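I'd like to walk you through one model, starting with charges and then moving on to packing. Please have a look at it while I talk.

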Amino acid sequence: MFASKSSKYGRIGKLSLAQFTPIYTPSLFPVVCLITGTTPKGGGLWKYILQADESNSILHRNLPVMSQVLHFLDFIRTNRNGLEKWLDDGIKQRYINEVTPSVQYTAPIFLDSGGYKLLWNKNLDLSAYGWSIEDANAPLFILELQNKLGGDMVATLDYPLPPGLAQEEAKERMQKSIDNAIIAAQALQQRSDYQPFLYVAAHGQDRASMGQYIKQVFDKFKAENLINYPFGLAIGSLVPLRGGHKYFTIIELLRGLQENIPEELREKIPIHVFGVTGSMIPILSYLGIDTFDSSTYVQETRSLSYINPNTGRPQPVLEMENLTCDCKVCQGINLVTLQDALMSDTRGKPLPNGHYKSKYYGDIALHNLEMDFRIVEKTKEAIISDSLQEYLIEHTDKFTKLRSVLDIIAKEDDSLRSRLSRTVIPQPQKDKLNLNERVISLKYTPDDFDILKNGYYPPQDKQVLLIIPCSGGKPYSQSRSHRLIAERLEQALGKKAKRIHKITLSGLYGPVPEECENEPPILSYDFRLEPFNKAQIDLIADRLVSYLERYGERYIACVGYATSLAYRTVLEQAAQKVPYLCVLPIKPKTKRLTEFFRKENVAELVEEVKLALKRSK
């Protein structure tokens, strides 16, 4: 085992931030959106998470938080004036100055670089703010934003690695991340007006590449005389691996990092993990991770999922019959009132009881966050009492999918292996390797596939055009979202469903006919269309309009179905120029992906297609 710091199993008592409020391992940073508008007083769900709940909100409890430095793009679009005061005062001071009742917020703010947002927006257009973020100045631009917004801790600008990324592209992105870290450390060492605690983002595809990455970081820091500037390591690119249950890979990456920190520095280098929390906290703490950040509590809330305090698993809050949680948030919740509020059609104004619906979303989010904090506290208690191994076994009895993880760790940990020899647990398996696993590339551009330029013509036997957004999984037809729509249409229409022509709306390429889903540029690209990327939205909308103008009249109906903001915007822009394009659902409750799966919305789509086919007789 390699996590023998100040205690046998972890680093309890070691400061992660020498010059800031002490944070001891393990510690959790809730991920928040701090800038949710031009003032700190609003923000819907975030208003309650941050400050409107006077007893439980994060800022009133003076909890350290994490945010990414470009998140304002989702709330203050193309409005430099709306952002100016945040830049002048800094985030913390604006909340202290303007929120009522007053917030005495002094805890550290950890500002990530926004590298994940830049992953799919390499040519991010910030001209509306009077800024440019070209490769040459990007790390210094991000550092200056972190400075102006008041980051006490900052992470270097990095380039995350999506699973399956081509090895050469991964190497290129890792090198750019290392170069950015050197630039940021050099800049901070030379200035006296801003001295945050620096976290160097770390990435790898396997144990060896992570090890090479870390070795290069320390070699370069030493060569540039930066080794005395206090810094930690922040491990990225793990969230998709956790989502895919690639536990062996996660452990190997952590080992590759740990074993390549110079021995004389291992006591001094705090280690953070981006985005992997919940049931993994005790295991990661055992492996020497000091701090974590979590946004899962909000993601679960948006799908109306409530973390069960007994099982640790999400359950649909609208299907619950009683509350069994005694956390301080739930002590103030009436379940029936909460459920009635969530099902209300009232939007943008108070409910009859005087509260906004977002207050109840805030209740769920703060409860879900408490469940993470409980795991952190139990882990901390186990570390202090020198019983972390016992707690790991108890914990994996509750989260059985993690039981094999302990055997994976034990293969290089004599102490844990000895303890597990007295416990019967299933034999672990390495992450299953699929020899046909999709290799992706981030170098594809809109020019690599354009259906309007390759002589394409739609099939003659298709009558209804159905346009739905692309999916992360490829081929599109095998993704959860596309399978759901296909299954519902087949259930309702039977053989008639074959008369539907599905066009996928790719955020990178625009229209992609179902016949083209297996072409290399479609299978291998990875791109996320963001609502703030107006230039890309306009491009995709224009391509869709051109497709409809060229082929639309050969269909008896053209139907677009999208709920997430970016793709909904594309469809609505296209419908303004092509009036016969029907955009569904007509009135989604919100413009979020979760609405895509809502039964009423899917039923609305099925009914529209059914009526169109009936008219074709």
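Let me start with a definition: when I say helix, I mean a DSSP run of H or I with at least four residues, numbered from the N terminus. Please also keep in mind that this is a predicted model.

With that settled, find helix 13, which covers residues 357–384 and holds Lys378. Lys378 has a relative accessibility of 44%, so it counts as partly exposed. Together with Arg313, Lys398 and Lys401, Lys378 forms a positive surface patch.

Stay in helix 13 for a moment, because His367 lies there too. Is His367 buried or exposed? His367 is buried, at a relative accessible area of 0%. Setting aside residues up to four places away in sequence, His367 touches Tyr306, Ile307, Cys325, Cys327, Val329 and Cys330.

Now for the salt bridges. As a reminder, side chains of opposite charge can pair when their charged atoms come close. How many salt bridges does the count come to? The count is 31, and I've picked a few of them.

A local example sits in helix 2, residues 80–89, where Lys85 and Asp89 are four residues apart, about one turn of the helix. Their side chains meet in a salt bridge at 3.0 Å, N to O. Lys85 is partly exposed at 38% relative accessibility, and Asp89 is partly exposed as well, with 30%.

The next pair reaches across the sequence. Lys443 and Glu172 meet through their side chains in a salt bridge of 2.9 Å, N to O. Lys443 is in the loop between helix 16 (414–420) and strand 11 (464–469), while Glu172 is in helix 6 (residues 167–190), so this pair ties together parts that are 271 residues apart in sequence. Glu172 is partly exposed, with a relative accessible area of 37%.

Then there is Lys591, which forms a salt bridge with Glu572, the closest N and O atoms being 3.6 Å apart. Here the loop between strand 15 (581–584) and helix 21 (599–615) supplies Lys591, and helix 20 (residues 565–577) supplies Glu572, so the pair ties together parts 19 residues apart in sequence. Both partners are partly exposed: Lys591 has a relative accessible area of 38%, and Glu572 comes in at 29%.

Let's turn to packing, and to helix 5, residues 138–148. Helix 5 is mostly covered, with eight of its eleven residues buried. Among the buried ones are Phe141, Ile142, Leu143 and Leu145, along with Gln146 and Asn147. What do the buried residues of helix 5 pack against? Their partners are helix 2, strand 3 (109–112), strand 4 (153–155) and helix 6.

My last stop is Tyr580, in the loop between helix 20 and strand 15. Tyr580 is partly exposed, with a relative accessible area of 38%. Leaving out neighbours within four places in sequence, Tyr580 is in contact with Leu548, Glu549, Gly552, Glu553 and Cys558. Take Glu553 from that list: Glu553 and Tyr580 are 27 residues apart along the chain, and their C-alpha atoms are separated by 9.3 Å.

That's my tour, and I'm happy to take questions.

Terms used:
Residues are numbered from 1 along each chain as its sequence is written. This is a predicted model: local features need pLDDT of at least 70, side-chain atom pairs count only at pLDDT 80 or more; totals for chains, interfaces and linings use all residues. Side-chain values use heavy atoms; hydrogens and water are left out. Patches are made of residues with over 30% relative accessible area and no salt bridge: like charges are joined within 9 Å, nonpolar side chains (Val, Leu, Ile, Met, Phe, Trp, Tyr) within 5 Å. Accessible areas come from the Shrake-Rupley method with a 1.4 Å probe; for residues, only the protein chains shown count as cover. A salt bridge is a side-chain nitrogen of Lys or Arg within 4 Å of a carboxyl oxygen of Asp or Glu. Lys and Arg count as positive and Asp and Glu as negative; His and the chain ends are not counted. The place of a charge is taken as NZ of Lys, CZ of Arg, CG of Asp or CD of Glu. Helices (H or I, at least four residues) and strands (E, at least two) are DSSP runs, numbered from the N terminus. Buried means under 20% relative accessible area, exposed over 50%, partly exposed in between (1.4 Å probe, protein chains only). Contact means heavy atoms within 4.5 Å.
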